[in-house]
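The sequence and structure come next.

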Amino acid sequence: MAAGILVGAAALLVAAAVPAHGGTPGGGDLVVGKESRFAPVSKFAPSEAVTYDTKKVPVTARIVVAQWRNDHGMTIRLKVKGLQPHRTYGSHVHTKPCGTKPDDSGPHYQNRVDPKQPSVDPKYANPHNEVWLDFTTDADGDASVSSKHHWWFRAGEARSVVIHDHKTHTGAGHAGMAGDRLGCLTVPFKHAAR
Ligand SMILES: [Cu+2]
């Protein structure tokens, strides 16, 4: 019974994340929609979202990630519910699936890959060459953010969305850094325009 209620609530979230009548961010076709409730590492199953800090990303919180294909390329949207209120978090698309350790999700996905890793060069570590989804929550701890790109992911190289402790830095030497990895959702992003 509890599971049924959960499924119902989850369906509502996806409906909220995916506007009806094609009113998508940038328009186009929804190609990926994934949602989950955060689970602590001790109960983490690879299909779920994981929290590494149950104070800043409570197990009651939810996450929805969607990817659209559209005329200009793709749009990625992140929605969260029930995080800490009035708080700014950093967030990005990462290259590996979530795991029991925060670093398991690997570095950020980059369209043009910085030959020097870890990448802290603003020429590569910026919101146009990577997918940044930083957000600030409202009084309920909810937020929604989207990011548009004129390129598509390479096959198998975009695997998760990570939530970080603070807003993403942009300056030379620390561009792309956003503090501790607080939570993560493994997402089966699509890699080709067709
Ligand atoms: Cu990140």
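## Sheet, core and backbone

Pro118 is placed in the loop between β5 and β6, with strands taken as DSSP runs of E of at least two residues, numbered from the N terminus. The peptide bond from Gln117 to Pro118 is cis, with omega near -5 degrees. The model is predicted, so local features need pLDDT of at least 70 and side-chain atom pairs count only at pLDDT 80 or more, while totals for chains, interfaces and linings use all residues. Residues are numbered from 1 along each chain as its sequence is written.

His86, found in the loop between β4 and β5, has a positive phi of about 50 degrees although it is not a glycine. Most residues other than glycine have a negative phi, and most peptide bonds are trans. His86 is exposed (12 or fewer other C-beta atoms, placed from the backbone, within 10 Å of its own), with a count of 10.

Nine strands form an open sheet of mixed pairing, in the order β6-β5-β8-β9-β2-β1-β3-β4-β7; two strands pair if DSSP finds at least two bridges between them. β6 and β7 stand at the edges with a single partner strand each, so one side of each is left without a neighbour in the sheet. β1 and β3 pair in the antiparallel sense over eight bridges, and Lys34 stands opposite Val65 in β3.

| Strand | Residues |
|---|---|
| β1 | 29-40 |
| β3 | 62-70 |
| β6 | 135-136 |
| β7 | 143-149 |

The largest nonpolar core has 35 residues, and Ile63, Val65 and Leu185 are among those with the most contacts inside it. Such a core is a set of buried Ala, Val, Leu, Ile, Met, Phe, Trp, Tyr and Cys residues joined through C-beta atoms within 7 Å, buried meaning 20 or more other C-beta atoms within 10 Å. The largest share, five residues, comes from β3.

Definitions and conventions
Helix = DSSP H or I, 4+ residues; strand = E, 2+ residues; numbered from the N terminus.
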